[in-house]
Amino acid sequence: MLSAKKIWFGNVRAKDVYVDFKSTFDIQKKEKTKIDVSADGAFTLYVNGVLAGFAACTDYPYYKTYYSFDLSKFVRTGENELLISVWHEGVDSQTYLNADAFLAFNMYAGKKIVSTSDSSVLARRNVNYKNGYCKQITYQLGLSYFYDATKSNVKQFKNAREYGLAKIAVRKHKNLRMLRRVPYRLIETEKGYIIDLKREYVGFVEIDADFFKAQRLEIVFGEHIRNGHLIRKIEDKDFSVEYAGKRGKNQFTGTFRRVAGRYLEIFTKEIKIRYLGIRPVVLPVVRRAVNFSDSVYSKIYDVCVHTLICCMHEHYEDGPWREQALYVLDGRNQMLAGYAAFKDYAFARENVVLMSKGVNKYGLLDLCFPAGINFPIPFFSLCYPLTVYEYMQHSGDGSILKEVESIIRGIIRAVEERIDESGLLPNFPYPFWNFYEWSEGSNHCTETGRKATDEYVKEYNLILNCAYILARKYCDLLFGESTDLSAMKKCVFDKFYDTKSGLYRLGDLDSRFSRFGNAIAILAEINVELDERVAENMLNRIEVIPATLSTNGFFYDALLKTDEKYREFILEDIRTKYENMLSQGATTFWETEKGAADFGGVGSLCHGWSALPAYYLCRLLKK
């Protein structure tokens, strides 16, 4: 537990501000020196002018965590200087929940505190970063930055202001690590250069170059080239950071905002580049030794693992280019893949706990964790008991149930209360988003823009009702209980089963069929006697909507539950879909099979949920 005073400089509610904090400390003898530190936002720390650590506190005002850094190799005997720069974003997004700015830390030499956050710490506004700029990348990801290296940071330091005591819990997974520079290929354009990093990376923009004149760079980052260039602006999205450099040598590493992609682009030739690229930032992992005799499956597995690594930082991320947000369904898929790929369970545990902190006033989970922009998805909340159960099964860690049991029971209770006189769950009204997957009839994407005054049209959806039944099943397994849901299963069967096709309809107002809908009906055991017929029909009838990359796990599990004969179909399905991406140059796997063309040109080419084959390849091929 970190117990230290909170300090700040200036307005704690200011938007997009950067503050430097400086403290001197004495080291009498060489011994382990460490710092425990937390902030609202991202921070970078330097000891004696050397970069010694960085992090972003993606947590809640009521659930703060701190990072611990070993600084032993940076300190010297005698007087030392600690500098901590903090970026307070101050603008809600799907990766940040706005709260009052602060910094809190204790620094130890051995067991003795040699520096702490109090009014003796000096502070100033950092003028190199443009304060109050509030330039948005996407509303999901949050703000970009503009760094001006031509300005001298000569603002005088003044004493920081104390305002309260922080008692903060430790973050238990490993600190992020910045790797070495990566090789790249420089492509000259009519106005500048494209930097091809040769594969997808996630990390900090780094510049090491000679500028022939003082100039301002717009550095565009992206995952694909279109018409010879990267696309900087798509509707309200702006995939760029900015840097103003002085004439001569320029060196810069943007440690406050991770960017992602395979490419960078600049629009100047008045420059000699030693390095201009992404310094990869990763969560240290220990990979399991996995090899397959089939080289295609080995390649798919390896790219799945690289995709996972690109989507693991403070927490799991859906896609690092556009969002960097933690969702339940995305996280569940990433955890399953990670159980096959990595040896450590601490990161998965921290994500399960973080999700439990985002309970809204309706008793369900928020859209993301943390999130200041929120239109929660009921289906994702119902995936949470399954996520906890799978974590316990793979890790053997039953202690987590004490931390999340009340949350799980609250979710079930909040959904159960909405079952109406029909014995079924109707679709959820504003402000909820009745999303299931990115396919026809299951995305309901127009709901993200609806208002409280919009008319509510009552509908019944197959997937929602089956997801509730499935969630109750996993609650029974978690808590050693037995719930009789036979009456609800009959209602589902009577409402959605189509005798002529031998399939379950998507809804009472939508007579289409989907593989995901029928798969979850099998998993929910709506009518076990018909499972074989349903499985055959959802595979063989051409009008059935395919499952997407996000829900293939439910689809595969339903087939395996029905009959092990589907093992070869699943392996071939993985080969076909993922080899197609590889044939198009994928170095990480895509959000959907449409790739970059999806979602109006912002389809992610690196998406954590698409790493799921790592789990199924290990499950079906390992002896």
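## Terms and model

Helices (H or I, at least four residues) and strands (E, at least two) are DSSP runs, numbered from the N terminus. This is a predicted model, in which local features need pLDDT of at least 70 and side-chain atom pairs count only at pLDDT 80 or more, while totals for chains, interfaces and linings use all residues. Residues are numbered from 1 along each chain as its sequence is written, and side-chain values use heavy atoms, with hydrogens and water left out.

## Cavities

Rolling a probe the size of a water molecule over the atoms shows where empty space is left. Here a cavity is a set of points, on a 1 Å grid over the protein atoms alone, where a 1.4 Å probe fits but cannot get out. Lining residues have an atom within 4 Å of a point. Grid points are joined across faces, edges and corners, and a volume is the space filled by probe spheres set on the points. The count comes to six cavities of 30 Å³ or more.

The largest cavity has a volume of about 320 Å³. It is lined by 22 residues. Nearest its centre lie Ala-56, Thr-58, Phe-256, Arg-257 and Glu-314. Strands S4 (42–47) and S5 (50–56) each supply at least two lining residues. S5 gives the largest share, three residues. The lining divides into twelve nonpolar, six polar and four charged residues. Nonpolar covers Ala, Val, Leu, Ile, Met, Phe, Trp, Tyr, Cys and Pro; charged covers Asp, Glu, Lys and Arg; the others, Gly among them, are polar.

The second largest cavity has a volume of about 170 Å³. Of the 16 residues that line it, Leu-283, Val-285, Met-312, Asp-344 and Phe-347 are the closest to its centre. Helices H2 (328–341) and H3 (346–356) each supply at least two residues of this lining. It divides into twelve nonpolar, two polar and two charged residues.

## Backbone details

A cis peptide bond joins Phe-369 and Pro-370, with omega about -10°. Pro-370 lies in the loop between H3 and helix H4 (378–395). Another cis peptide bond joins Tyr-430 and Pro-431, with omega about 10°. Pro-431 lies in the loop between helices H5 (400–416) and H6 (462–479).

Glu-235 is not a glycine, yet its phi is positive, about 55°. Its place is the loop between strands S20 (233–234) and S21 (237–238). Glu-235 counts as exposed, at 74% relative accessibility. Gln-324 also has a positive phi, near 60°. Gln-324 is buried, with a relative accessible area of 5%. Buried means under 20% relative accessible area, exposed over 50%, and partly exposed in between (1.4 Å probe, protein chains only).

## Aromatic rings

The structure holds 47 aromatic pairs. Rings of Phe, Tyr and Trp (its six-membered ring) pair if their centres lie within 6.5 Å; planes under 30 degrees apart count as stacked, over 60 as edge-to-face and the rest as tilted. Phe-211 and Tyr-243 have ring centres 6.0 Å apart and planes at 85°, so the pair is edge-to-face. Phe-211 sits in strand S18 (193–211) and Tyr-243 in strand S22 (240–245), 32 residues apart. Both are buried.

Trp-438 and Phe-599 form another edge-to-face pair, 4.8 Å centre to centre with 70° between the planes. Trp-438 lies in the loop between H5 and H6 and Phe-599 in helix H12 (598–601), so the pair ties together parts that are 161 residues apart in sequence.

Definitions and conventions
1 Å grid on protein atoms, 1.4 Å probe; cavity = no way out; pocket = protein on both sides within 12 Å on 5 of 7 lines; lining within 4 Å.
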